[in-house]
Amino acid sequence: MNIDVPNLETKSVQRSIVGRGIAHDSAARHVAGEALYIDDMPELPGTLHAAFVLSPVAHGRLRGIDAGAALALPGVVGVWSAGDVPGANDVGPVIPGEPLFAEDLVDHEGRVIAVVAAEDFETAYRAARLVKPDIEELPPVLDVEEAHARKSYVLPSQTVSEGDAAGAIAGARHVFSGKLRMGGQDHFYLETHIAYAVPGEGGDMLVHSSTQHPTEVQHHVAHLLGLHANAVECQVRRMGGGFGGKESQATIIAGAAALVAARTGRPCKLRLKRRDDMAGTGKRHDYVAMWKAGTDEQGRILGLEVEYLARAGNLPDLTGAVITRTLTHTDNSYFIPNARFVGHACKTNTVSNTAFRGFGGPQGILTIEAIVDTIARKLGRDPNEVRRINYYGDETGDVTPYGQKVEDNRLVEVTDAVLASAFWQERRREIDEYNARSPVIRRGLAMMPVKFGISFNLTSLNQAGALVHVYLDGSIFLNHGGTEMGQGLFVKVAQVVAEVFQVDLEMVKISSTATGKVPNTSATAASTGSDLNGMAAFKAASAIKARMARVAAEHFDVEEEVIVFREGRVHAGNESISFGELAKMAWEKRVQLSEAAHYATPKIHWDGRTMKGRPFFYFTYGAAVAEVAVDTLTGETRCLRADILQDVGSPLNPAIDLGQIEGAFVQGMGWLTCEELWWDGKGRLRTVGPSTYKIPGSRDVPPQFNIRILDNQPNREETIFRSKAIGEPPLMLGVSVWLAIRDAIASIAGEGVAPELDAPATPENVLRTISGLESARP
Ligand code: MTE
Ligand code: HPA
Ligand code: MOS
C-alpha cells in the first residue's frame, strides 16, 4: 500500500510526542550496564571463540602459512584462510575484488591473513600469535605524495569543475596558494568490532553483527559461504558506537565468524581486541590538500583550484564516495564562481580507510576554512568579514560548483546569532588586549559556519523500509532498517509511530534490526537514519491508522473525518474507546493490523560522470565560535569556550540532538587537536590503543559549552515532521577550535601572516608552526 505523506503541519492532532526532549530509550540501561551488546549475549553451548592472524609487515608476497604451532595448542579447533572460503573471498562494499583473507599478497600491516578458533578467547588469541605467515617482504608505499607521483590510485580520480578556475586565478588581483596536511582519525567506538555467528539447519546462518549495515553483512556472508541471501539473517540490537567504522568493514568480522561457524557447525564469536581493531580496520582518510585561489581586493574568491590526495590505503572500500563528499563540501558556505576540485584516491600500503562521521566533508570544510582564513590574514582583513562576503546569497550566487542550488540558506542568520550570543566583539577586544600583555600564553578566537548536504551522495542508497504491527492489546511492534549506535535513532522513530497513533511511547516496542523483517536496506549513515526510517515508519503506521479509523467510523456510525486518535483513545465526538479496544475490533472485522512501508527520498539526482546534479535533499546549517589558549612554549592547547548554534529544522527530539551536537563537536575537536595516527618507517601503526592514541577526555570538553538549536525553523523540504538530520554536521564545527589555535598563533606574528598549521594541531605541530613564523614575516 502506498500512502501519500500528508502535509505535516496541517495535521489535525496536536503533536505531543514528536518534538519532546525524551531520554534515549536505553539511557538507564546504558548507565546501569544492563544494555545488551553482542558480547553480553548468553552464549550457546559449544560456542567457539576466534581471533585474527594479522600481517606483521606492510607489504609482501604471502608464500604460505605455518599453523602447526597454533594447531598443537590444546583447545585450538582450527585455522582457516583464503583457500577455505567456500564461496567468494570478497567483501568489497562498492567494487568487487576486496579479499577478506589475503591471497598471494599482504598489502598493509594488520591485513587479515587467517582466523583461528578455539574453545576460549585467550587460547584463540594466543594461537593466532603462533601462526607464522611466510612472507617475502616488498618495499611499501606509505606516503600519499609518493603514491601520487607514481599515479598509484585505487580508483579513477574525480573532478568537480565549474567555470574557468585557472583563468579566473590568472586574472585575479591577488593570488594565494598553500598546502595543508590533515590527519586521519580512529573511530575509537567503545565496543570494538564483533560478530556472533550461529549456524542453523541446512546451512542457514544467523549472524549477530556490530554493523551499521545489516544488509551488507547478510549479502557478504552469503557470498562468502556460497549461499543465497535468504539463507542468512543479520541481526543488530545496538552497537557501542559506530561513527562510520561499522558502515562497510563489519563484513570482515562477520564474514570470518560465519566461515568458522559454517566449517565447524558450531556457533562462533569473533571480537577484536583494541589493538587488532585499530590495526586491522580502516579510519578517517588523512589528506594532503594543495590549493591556489584568486581573489579581489576585499578577499572575494574569484577562482579556486584544490587538489586532494586522499589516503585510500590498500583497497577502494568507500573511498570513492568519501572523495565525492569532499569535493561537494569544498565550497562549504561560499559561492565559488570558478572552481576546479580534484580528488585522488592514493593507494598506500596502509589499512583501507573508510567512512567516518562527516564522510569526507570534514576534509573539504577544513580546507576551505584554512583557505579563507589565509586569504583574510594575508590581506589584513577580518576573517569573519571575508567569510561573509563570500557566503552564498543574492549578491554572490546560489549555485554550488556541482550544480545544486542553495535554496534554504540560513547562513547569515546562524552567523549573526552565534556572534551575538558569544559576545564576539567584546571578547575579541578582550582577547587582543590579553595577548598584548601575555607573551607565553596566547588566546585565540574564531567563528566558522557549516553547510552540510543531507542524503547519501549515491542516489540509490536513499531508501528505507519499516514494519509496524499493532497487536490485539493495542501494543505496537516497530522494526525498520536503521541501526542504533547510540545516536538515538530508535527513540526518534518510536516517537514518530507513537505520534501517529497518539499513544504513549511505552506502547511502542523497539526491536533489533533484522534483515528478515525489513530487507534490502542501506547503511545507517550519512545522517539520514531518522529522515529515511522515520518516514518509512510514518507511512506504515499511517496506513494501519487509516484502516483502524474506518473501523472506528463504522463502530460509532460517523464519517471517518470525525474520528480522532488522542491520548491512547479513539474519539468520535463525546464517545470514545481505547486504542486496544479498537485494535481488537479491527481484528474481529478481519482488518490488517500490520504494514510494511517503503520510503525513497524525492528530488535528488546525481551524475557521477559529470559530477553535477542535486545530490542532497536539503542542507543543514550551523555556526560555532571557539576560544582557545595556547602555551607557546610547550605547544599545548585548550579550548576554553565554545558557542554553537545548529539548525535541526523542527527537531524530533531536541534532547537527543543536543547530545549529538556535543559529541560531534568534541569528536571534531579531537580529530584536529589530540588524535594522531602514527606509522613507523616500515608502515606499522604504532598508535593502537588509548596509551598512544589520545581521544578527548571529559576534561577536554570546553568548560564553557553553550549549545543552542535554531528556534522554530521547520525544514523547507517535506522531511519527517519537518526535522533535519543531526548526526554528522556538528562534527565540522570542531574546525572552529583549529581556527582559534591559528588565531592565537597569528597574534604572535602580527598583521599579514597566516600561520601554516597542519592538522591535528598537536603540541608538536603548534611548536613547528610557531618556529616557522619568523620566515613567514613579510
Ligand atoms: N552518535 C553516537 N552516539 N554513536 C555513533 O556511532 N555515529 C554518527 C552519528 N552519531 C554515531 C553517532 C554517524 S557517522 C552517523 S552517519 C549518524 O550518527 C548515523 O545515525 P543517524 O543517521 O540516525 O543520525
Ligand atoms: N555518507 C555515508 N555513506 C555513504 C555516502 C555518504 O554520503 N555515500 C555513499 N555511502
Ligand atoms: Mo556516518 S560516517 O555516514 O556512518
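Trainee: What makes up the shell around ligand 2, by class?

Mentor: The shell has six nonpolar, one polar and two charged residues. Asp, Glu, Lys and Arg count as charged; Ala, Val, Leu, Ile, Met, Phe, Trp, Tyr, Cys and Pro as nonpolar; and the others, Gly among them, as polar. Glu247 and Arg325 are therefore charged members of this shell, and Asn457 is a polar one. This is a predicted model, in which local features need pLDDT of at least 70 and side-chain atom pairs count only at pLDDT 80 or more, while totals for chains, interfaces and linings use all residues. Residues are numbered from 1 along each chain as its sequence is written, chains are lettered from A and ligands numbered from 1 in the order in which they are written, and side-chain values use heavy atoms, leaving out hydrogens and water.

Trainee: Which residues are around ligand 2?

Mentor: Among them are Ala321, Phe359, Phe456 and Leu461. A residue counts as near if one of its heavy atoms lies within 4 Å of the molecule.

Trainee: What makes helix H9 largely enclosed by the rest of the structure?

Mentor: Eight of its nine residues (319-327) are buried, so H9 is largely enclosed. Buried means under 20% relative accessible area, with a 1.4 Å probe and protein chains only; a helix is a DSSP run of H or I with at least four residues. Arg325, from the shell of ligand 2, is one of the buried residues of H9, which also include Val322, Ile323 and Leu327.

Trainee: Which residues come nearest to ligand 1?

Mentor: Of the 18 around ligand 1, those are Gly242, Phe243, Met485, Gly529 and Gln660. A backbone N or O atom of Met485 lies 3.0 Å from a nitrogen atom of ligand 1. Gln487 brings a polar side-chain atom to 3.0 Å from a ligand 1 oxygen atom, and a backbone N or O atom of Thr528 lies 3.2 Å from an oxygen atom of ligand 1. Taken alone, ligand 1 exposes 530 Å², of which the protein buries 92%.

Technical notes:
Polar contact = N/O pair within 3.5 Å; in protein donor to acceptor, adjacent residues only side chain to side chain. Areas by Shrake-Rupley, 256 points an atom, 1.4 Å probe, with all protein chains shown as cover. Buried < 20%, exposed > 50% of the residue type's maximum accessible area, 1.4 Å probe, protein only. Helix = DSSP H or I, 4+ residues; strand = E, 2+ residues; numbered from the N terminus.
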